[in-house]
There are 2 protein chains.
Amino acid sequence: SDLNLLLAATYVEDSIDGRHSDFKVSERHLKLYRLYQNRWGQAALYVFFFMHLCLAVFESPAVEGLEMSYWVTMLMETGILIFYMFRVTHISIFTPLTRFWSDTKNILIVILITITFLDMVIYIGLTESGIYSVRWSRALRPLFAVNFPELRQIRRSFRNLRRTLSDVVNVLFLFFFSLAIFALMAYKLFGGRGLTWVDGRPYFESYWDSIFDLYVLVTTANNPDVMMPAFDLSTYYVIFFVVFLGICFFIYMNIILAVIYNNYRKHLKNEVRKSVFSKRQQLSKAFEILAINIAGKKVVTRTRFVQLMKFLDSKKNPALINVFWIVLDSDGSDYLEKVEFLKVADLLNVEVSEVVDRTTLIGHFFPTLYYSKPSKLLCTIVKNRFFGIFFDVLTLINAVVIGIADNDDTWDDAAEWVFLCLFMLEILLKLYVLGFRRFFKKIWNVFDFVVIGAAFIMGLLEAVVADEQESRLSLDVLLVLRVLRLVKIIGSVNRFKVIVHTISKILPSLLTYGAVMLVFYYIFAIVGMEAFQGLVRFSGYDAGSELYCGNDRLRDSDFWRNHYCNNNFNDIVHAFIVLFELTVVNHIFTAFVLEVFILEYTASCQGFLETQMDKKIQEMGLSFRKSRPRAM
Amino acid sequence: SDLNLLLAATYVEDSIDGRHSDFKVSERHLKLYRLYQNRWGQAALYVFFFMHLCLAVFESPAVEGLEMSYWVTMLMETGILIFYMFRVTHISIFTPLTRFWSDTKNILIVILITITFLDMVIYIGLTESGIYSVRWSRALRPLFAVNFPELRQIRRSFRNLRRTLSDVVNVLFLFFFSLAIFALMAYKLFGGRGLTWVDGRPYFESYWDSIFDLYVLVTTANNPDVMMPAFDLSTYYVIFFVVFLGICFFIYMNIILAVIYNNYRKHLKNEVRKSVFSKRQQLSKAFEILAINIAGKKVVTRTRFVQLMKFLDSKKNPALINVFWIVLDSDGSDYLEKVEFLKVADLLNVEVSEVVDRTTLIGHFFPTLYYSKPSKLLCTIVKNRFFGIFFDVLTLINAVVIGIADNDDTWDDAAEWVFLCLFMLEILLKLYVLGFRRFFKKIWNVFDFVVIGAAFIMGLLEAVVADEQESRLSLDVLLVLRVLRLVKIIGSVNRFKVIVHTISKILPSLLTYGAVMLVFYYIFAIVGMEAFQGLVRFSGYDAGSELYCGNDRLRDSDFWRNHYCNNNFNDIVHAFIVLFELTVVNHIFTAFVLEVFILEYTASCQGFLETQMDKKIQEMGLSFRKSRPRAM
Ligand code: NA
């Protein structure tokens, strides 16, 4: 029975967290499985994985001033790989053997570890023999993320993206076919006419140039420059560009977006359906284990349910367990039938926190002071809405002061201290009136506390340390902190609250999407670094600095003329920046963000169970506070 | 009873065309109403409206070489306004008087006509007295489109757009608030540091410059140039731009798109619901008029239904009317109950054309020739799929020849004639085998016929006229026709057919949207012309041409350096081109196109009635060909 409870609890937990249960059924293996799912072990994996990615900062070509000998980075990487091996071995112990080796993810992790070790050995051998060698396995590092079960969200987004792209490929074909036709037309119409770009370069000189220039026009980067020489020759030629943009920009780009949106939604629906199905399966298993036969019907008794709840969280409030029971036992039979039990995972996903203390710490320890007349008057003042308006206006005045003060002025330093002290006073008053818990419950207060507190501490430090030692970095940070105070106003304007709430709802999905982008960025960055490092160098543009970014082939290029030398692949940071710039220009990626938005924006966030819970809590007159359910 | 039939038929027609029925019920007024709805009268309005807009080409500031005296254009405008008055008077006769004057649209048309006449009189008076004067009522011209009932599609799109924008305004506020905060930060961080843009202009010198430069970054037009000076100073500053783009580009732009999409869909649903309701109302009225009481139930008899059909289209095939009857009378009672009758509008919207002739003209007049053995062999060859593939390959070879031939070469002229003759042969063979009707039924054949035929005729003309007189324009058109041949290949590739079909479905909605854009363009263009005409002049960039676009204030400007002089408001054509360029840079408009796409793409196009029709037609062994229903 102890094993049964353990097994049932594991199924319920897996169903809550959306995991596949894949373990040998024995007490030892189950405990190992639960140990693997422990939050600290997972956090350690995140940290090690993050460190693994960060190694690129220190490996040659390293970020300036941070280069380490390859012995050091390889020692660190070995440690990380050993941790990976430890995790995989852990998985292999509690998973049935055939299941372990039939899972491509596990096989891929083993292969990735082997390949990385092999590459390290080859690199050491070649480098020590004086032969130039490339650590090519570095590009494979992000793939660990896609294969470890802990990061299955990224894997899922990845899969969705891949499927959607395979649907969109026909439209892309047609797009490039049309582009080719238009390029041929432009090449024959405008090429060989002696027309030139502003910089003197021949206009639509070759077919490939034509394709490239028209593609760039679709990204709108060379609009309207690309049409000016033809326009100057004859206004009729503008028709060509209007038709081209009409078809290739407006029509195709939108068709592509529409196809992406529709298919993404379709695939996502499938994923959700599958995950709901597996959830139900796991809860069914748990039910079969816990249920007993009463009057020919399988049901879970109250005792068993309380045991399960206590097992899942030994510190759970009995009153809350009671609420759960009443919500679940919707027919009031005092037993949970299967259909009722299946709702337990959704119910536990609703985070419920108990509101125990309504009195502040000061009110608790110094009641005579806190409940005295002047103190009560202070509370009324602070809770009045004009108190908030006063400090919002003060924030705006602060902004104006920041805007009009010159860098050479000194009067604004004094003003800054006045503002800072007033804002600190605001925070202290609010803390006094609301108490710690209620103050920090509001995200805007936390923001305020951090921004003002950090500025206060940095300001004090600056005042203590001699003025001459002020570093530019600390001044910049201080400035950013000052301007960030303005953001607080968003929290005070009612019409902005809905939007901010929407954004905060969307953020988790966006972060997953960002992680997928990171995988791509990292692979491209490593490949780019190995291929292009050192080809383009930045050393300033003043007299005496290297000409043409240190590469004579860039003589007379737009790249040099536009001062783009810092857009290079000389280290991982620069490579990431270049990739980011390219992403912004090619809006295709925006499409994916867009869908996430539309999906989340459309989806209603208030579930059925939550509402029911609210009702029951109200009915019972209990004082639980309901938080938003955890994001998937 | 004759009046009854007329009235019922009018209701049914209005319901098919989505009009509001608004007339006095008498034979005279009904006939006037139907006369107003006559297609020729509506076409005349379109033509006059188009001419009205086109007047801007000839009015000062006119397109070069097309300027007319204002007496001429005003005479034309007077004619157009008289036509408008004639139409409004027509409406006022058949509409109940109180209804006529309670409709803002009618009042607005009357006001617009009055204002325009007034403006003309004032203009003549002032100009003849030698005072400079502006024809400001010209900017109001597109508003006629929004108010005449014939152009209600545009009015509807307009209303949707307006409602959606009012929903999005909060997000826009937040966007500009964030932009203002970031601009303040950038101004304080980067301004006054002595940094410069590539062209030497000070970097983030003033607050307004900062706002402008960051706004341009959101349109991606100055990416990555805007971050290079800060990037060169310190890599840390890139964080600022990444955060800015992350919030203002990725997040806000997408929130805006999502809000637009959702609200547009919501408003459109309401519109559709309303129009369905009014349709049902009109059909109900028609039913009440036509129905008789049989066994206590109101029904329409077969005789009455045939009368109605004959009244609506006297040339309608009796067999087809029979099909309609069978489809509508779904319970086989030989009477139409109300619920059955209400489907008549949707049914009539399904365009059914009869396939009468399966023999070609040649086969009809020369059967011995057409059905002889060699002729039959020819038919088999032409219908073989390798026939199509052969000509597709030939098209590709043609493309390669166009691509590699130099302008100075002469061999490609000969090759061109060979290709042209071969393609003509293809068209003639297809015509022979398929006959005229079947050949021109396929849109790709029409395209082919036009492109090849026009090239053939122009080639012949060119050969007849002396070579020296070849104009550049005719050569350009010939070249475009040559390259357009390639487009035919899209029709041959199966994977492209779905996409092309989707686009063709979407096109009508897009045209409405384009008309709305035109309204905005026209107003802005007229205002821009009156404000900015002559300020910027284009006269080339060679030695001897005017410096700084003829405006000394453009000395040292990017505008002059980028050769943008032709981007001016000197006439309506130039003004439209400038507005188009700005539209492409500001992607906001793309959002609206996107929704149309998603909506149309998502919507299924196969209605219930259509399928039922197919079934019945098949059951009856009849030979009707079903076309797509008319687009809304
Ligand atoms: Na752009």
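A salt bridge here is a side-chain nitrogen of Lys or Arg within 4 Å of a carboxyl oxygen of Asp or Glu. The model is predicted, so local features need pLDDT of at least 70 and side-chain atom pairs count only at pLDDT 80 or more, while totals for chains, interfaces and linings use all residues. Residues are numbered from 1 along each chain as its sequence is written, chains are lettered from A and ligands numbered from 1 in the order in which they are written, and side-chain values use heavy atoms, with hydrogens and water left out.

Begin by selecting A:Arg193 and B:Asp476, a salt bridge whose closest N and O atoms are 3.1 Å apart. This pair crosses between chains, running from the loop between α8 (152-190) and α9 (207-218) of chain A to helix α22 of chain B; helices (H or I, at least four residues) and strands (E, at least two) are DSSP runs, numbered from the N terminus. B:Asp476 is buried at 10% relative accessibility, whereas A:Arg193 is partly exposed at 30%, where buried means under 20% relative accessible area, exposed over 50% and partly exposed in between (1.4 Å probe, protein chains only).

Stay on α22(B), where the buried residues include B:Leu478, B:Leu479 and B:Val483.

Next, select B:Lys298 and B:Glu288, which form a salt bridge with closest N and O atoms 2.9 Å apart. B:Lys298 lies in strand β2 (residues 297-299) and B:Glu288 in helix α11 (residues 238-290), both of chain B, so the pair ties together parts ten residues apart in sequence.

Finally, move to A:Glu27 and A:Lys31, whose salt bridge has its closest N and O atoms 3.1 Å apart; both residues lie in helix α2 (residues 27-36) of chain A, four residues apart, about one turn of the helix.
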